[in-house]
Amino acid sequence: AGYAAYTKADADGEITAASQMEDLTEYTFMVHLVPSSADGTVWVIAEGNPTTNGFGIKIDGGYVKAYTSGSIATGTTALPLDGETPVSIIVTYKEDSEIGPDFRLYINGALEDYVLAPDPCNTGGSSLIIGGSGSAGTYAGAIEEIVIYNDTIYPVVPTDGKIVIYKPMEEFTDSSVSA
């Protein structure tokens, strides 16, 4: 875990950054965290109001929910809320994707849920809040890493358990590249 950010369950436990998700038509959002028993129903990440027009990741009853503009992808794996087990959450979005759903939720490299064609996040320039939503329900634990790519990449878990990230063939425009 090295130098992980720790947030606490009160109003001053959040980390705020400039707007990141506003009007992105393609992205991959990755966060690695270590949820504790205090994190049964909390916002981990939020920009704007995720339930209407924003972006967010919430742990709800021990399950992950990812939001974009009010659309929700819900995880099917119960998280280990033990304060020791790391969890990888990856959310991908590509507006008008040619190879499948536009919005996808992965937990520990496995696709858990998707939304076919939701709108992109439109927060009006709201701040990205790490460890909460600007109100009640702040995440209380370690957030080891947050990475936002302005590209859609997809995790694959090979048999040795390592997560590999790849870019689908639709993205290659060089005619010399073939499948």
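Guide: Welcome! Two strands pair if DSSP finds at least two bridges between them, and strands themselves are DSSP runs of E with at least two residues, helices being H or I runs of at least four, all numbered from the N terminus. The model is predicted, so local features need pLDDT of at least 70 and side-chain atom pairs pLDDT 80 or more, while totals for chains, interfaces and linings use all residues. Residues are numbered from 1 along each chain as its sequence is written, and side-chain values use heavy atoms, without hydrogens and water.

Visitor: How many bridges join β4 to β5?

Guide: β4 spans residues 41–47 and β5 spans residues 55–60, the two running antiparallel. Within this pairing, Ile-45 has Ile-57 as its bridge partner. The number of bridges joining β4 to β5 is 6.

Visitor: Which residue in β11 stands opposite Ala-46?

Guide: β4 also pairs with β11 (residues 128–130), in the antiparallel sense over 3 bridges. Glu-47 faces Leu-128 there. Opposite Ala-46 stands Ile-129.

Visitor: How many residues of β4 are buried?

Guide: Burial is judged by relative accessible area with a 1.4 Å probe, protein chains only: under 20% is buried, over 50% is exposed, and in between is partly exposed. For the protein chain of 179 residues, the buried share is 44%. β4 is mostly covered, and of its 7 residues the number buried is 6.

Visitor: How many residues does the largest nonpolar core have?

Guide: A nonpolar core is a set of buried Ala, Val, Leu, Ile, Met, Phe, Trp, Tyr and Cys residues joined through side-chain atoms within 4.5 Å. Those with the most contacts inside the largest one are Phe-29, Phe-55, Ile-57, Ile-89 and Val-91. β3, β4, β5, β6, β8, β9 and β11 each supply at least two residues of this core. The residue count of the core is 28.

Visitor: What is the relative accessible area of Phe-103?

Guide: Phe-103 sits in strand β9. Leaving aside neighbours within four places in sequence, its contacts (heavy atoms within 4.5 Å) include Tyr-27, Ala-66, Val-91, Tyr-114 and Pro-118. Phe-103 is buried, and its relative accessible area is 0%.

Visitor: How far apart in space are the C-alpha atoms of Phe-103 and Ala-117?

Guide: In sequence, Phe-103 and Ala-117 are 14 residues apart. From C-alpha to C-alpha, the separation in space is 7.1 Å.

Visitor: Is Thr-28 buried or exposed?

Guide: Thr-28 belongs to strand β3. Not counting residues up to four places away in sequence, Thr-28 touches residues including Ile-90, Val-91, Val-147 and Ile-153. With a relative accessible area of 0%, Thr-28 is buried.

Visitor: Which residue meets Asp-60 in a salt bridge?

Guide: A salt bridge puts a side-chain nitrogen of Lys or Arg within 4 Å of a carboxyl oxygen of Asp or Glu. The structure holds 1 salt bridge, spanning 3.0 Å from N to O. Asp-60 is partly exposed, at 25% relative accessible area. The partner of Asp-60 is Lys-65.

Visitor: Where is Asn-108, with its positive phi, found?

Guide: Phi of Asn-108 is near 50 degrees, in a residue other than glycine. Asn-108 counts as partly exposed because its relative accessibility is 40%. The place of Asn-108 is the loop between β9 and β10.

Visitor: And what is phi of Asp-23 near?

Guide: Asp-23 lies in the loop between β2 and β3. Its relative accessibility of 46% makes Asp-23 partly exposed. Phi of Asp-23 is positive, near 60 degrees.
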